[in-house]
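The entries below follow the order in which I looked.

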Amino acid sequence: MKGFYNFMRFSFGWIFRLLYPVKIMGNKNNVPKDGKVVLISNHLTFREIPFLVAKFPGYRHFLAKKEFQKKRFVAWFFTRMGAFFVDRNNMDIGTVRTGLGYLKSNEGIAMFPEGTRNRTDESIQAVKGGAAMFAIKGQAPLVPVIFQRKLKPFRRTCVYVGEPIDLTEFYGKKFDASQMEQASKIIGSKMEEYKASIDDYEANKRWKKKNKIAVKVDAKNDEADSGQENEAALGGEDNQ
């Protein structure tokens with residue numbers, strides 16, 4: 001499966017270089033090439049899947065909806081890619097064990113925590129509990145990749161690679177529905193934060209200001225009562 005995954009990564013890579021100009025912001029190195037990780041993303045079109053395969057080195061098992069199993073070629077493709085399947089309305093114990101098994105084996109998984117594609121707009125939808133559950137029970141870093149808008153040929157799109165979302169406060173505790181809801185809200189809040197950063201970058205044409213924005217930094221001592229202005233880079237790299 002890894003051989004087929006790497007072949008598709010190479011193939012998808014050329015497609016995105018030629019057709020989909022993308023500016024990657026944040027820190028691409030937040031996604032480890034090796035080792036366990038829960039890679040999450042907002043979901044606007046089917047193109048996010050090949051993008052994540054193409055742009056981030058390493059091998060990850062994608063969590064795909066079970067409906068794909070009814071389509072012969074799609075089921076074959078995802079199986080060869082090493083994906084595992086889920087009932088989006090009722091995640092069964094088999095899916096949980098499979099995902100945690102990959103993490104225990106020091107392999108990564110990738111998923112869309114909103115549970116379905118956002119077909120109405122480009123905002124972040126409510127986050128379901130699966131991502132939190134895998135990251136906490138698997139004690140794996142959870143890294144968000146946020147798309148500014150739908151990927152379309154020859155239209156530049158910004159993609160933000162965020163810092164790993166810290167859920168260590170939930171490690172070793174009883175993980176019930178309340179804990180899942182709380183952790184999922186943390187994930188959703190971070191995803192919305194990174195989406196807002198991209199929207200601000202585009203709306204205010206930050207690239208014309210040397211990719212810098214002014215952010216308020218509170219004084220850390222008693223001698224300064226008011227906030228100060230500090231220049232912080234919101235840069236990135238163009239990937240085509």
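**Charged pairs**

I began with glutamate 181, which at 49% relative accessibility counts as partly exposed (buried is under 20% relative accessible area, exposed over 50%, and partly exposed in between, with a 1.4 Å probe and protein chains only). The model is a predicted one, in which local features need pLDDT of at least 70 and side-chain atom pairs count only at pLDDT 80 or more, while totals for chains, interfaces and linings use all residues. Residues are numbered from 1 along each chain as its sequence is written, and side-chain values use heavy atoms, with hydrogens and water left out.

I found that the side chain of glutamate 181 meets that of lysine 185 in a salt bridge at 3.6 Å, N to O (a side-chain nitrogen of Lys or Arg within 4 Å of a carboxyl oxygen of Asp or Glu). The two are four residues apart in helix α6, and are therefore separated by about one helical turn (helices, H or I of at least four residues, and strands, E of at least two, are DSSP runs numbered from the N terminus). Lysine 185 counts as exposed, at 57% relative accessibility.

I then noted that the structure holds six salt bridges, among them one between lysine 66 and aspartate 87, with the closest N and O atoms 3.3 Å apart. Lysine 66 lies in the loop between β3 and α3 and aspartate 87 in the loop between β4 and α4, so this pair ties together parts that are 21 residues apart in sequence. Lysine 66 is partly exposed, with a relative accessible area of 36%.

Another salt bridge joins arginine 156 to glutamate 202, the closest N and O atoms being 2.9 Å apart. Because arginine 156 lies in the loop between β6 and β7 and glutamate 202 in helix α6, the pair ties together parts that are 46 residues apart in sequence. Arginine 156 is partly exposed, with a relative accessible area of 28%.

**Pocket and cavity**

I looked next at the largest pocket, which holds about 910 Å³ of space. On a 1 Å grid over the protein atoms alone, a pocket is an open set of points with protein on both sides within 12 Å along at least five of seven lines, a cavity is a set where a 1.4 Å probe fits but cannot get out, and lining residues have an atom within 4 Å of a point. Of the 36 residues that line the pocket, Leu63, Ala64, Lys65, Phe68 and Phe112 are the closest to its centre. The elements that give two or more residues to this lining are α2, β3, α3 and α5, and the lining divides into 21 nonpolar, seven polar and eight charged residues.

The largest cavity has a volume of about 40 Å³, and I listed Ile49, Phe62, Phe77, Phe78, Met81 and Ala83 as its lining, with six nonpolar residues, no polar and no charged.

Which residues of strand β5 lie on each of its faces? I found Gly108 and Ala110 on one side and Ile109 and Met111 on the other, all buried. Strand β5 runs parallel to β2, joined by three bridges, and parallel to β3, also joined by three. Alanine 110 is the bridge partner of leucine 39 and of phenylalanine 62.

Last, I noted that seven of the eight residues of α5 are buried, and that glutamine 139, which follows α5, has a positive phi near 45°.

Note on methods
Points joined across faces, edges and corners; volume = space filled by probe spheres on them. Nonpolar A, V, L, I, M, F, W, Y, C, P; charged D, E, K, R; others polar. Pairing = 2+ DSSP bridges.
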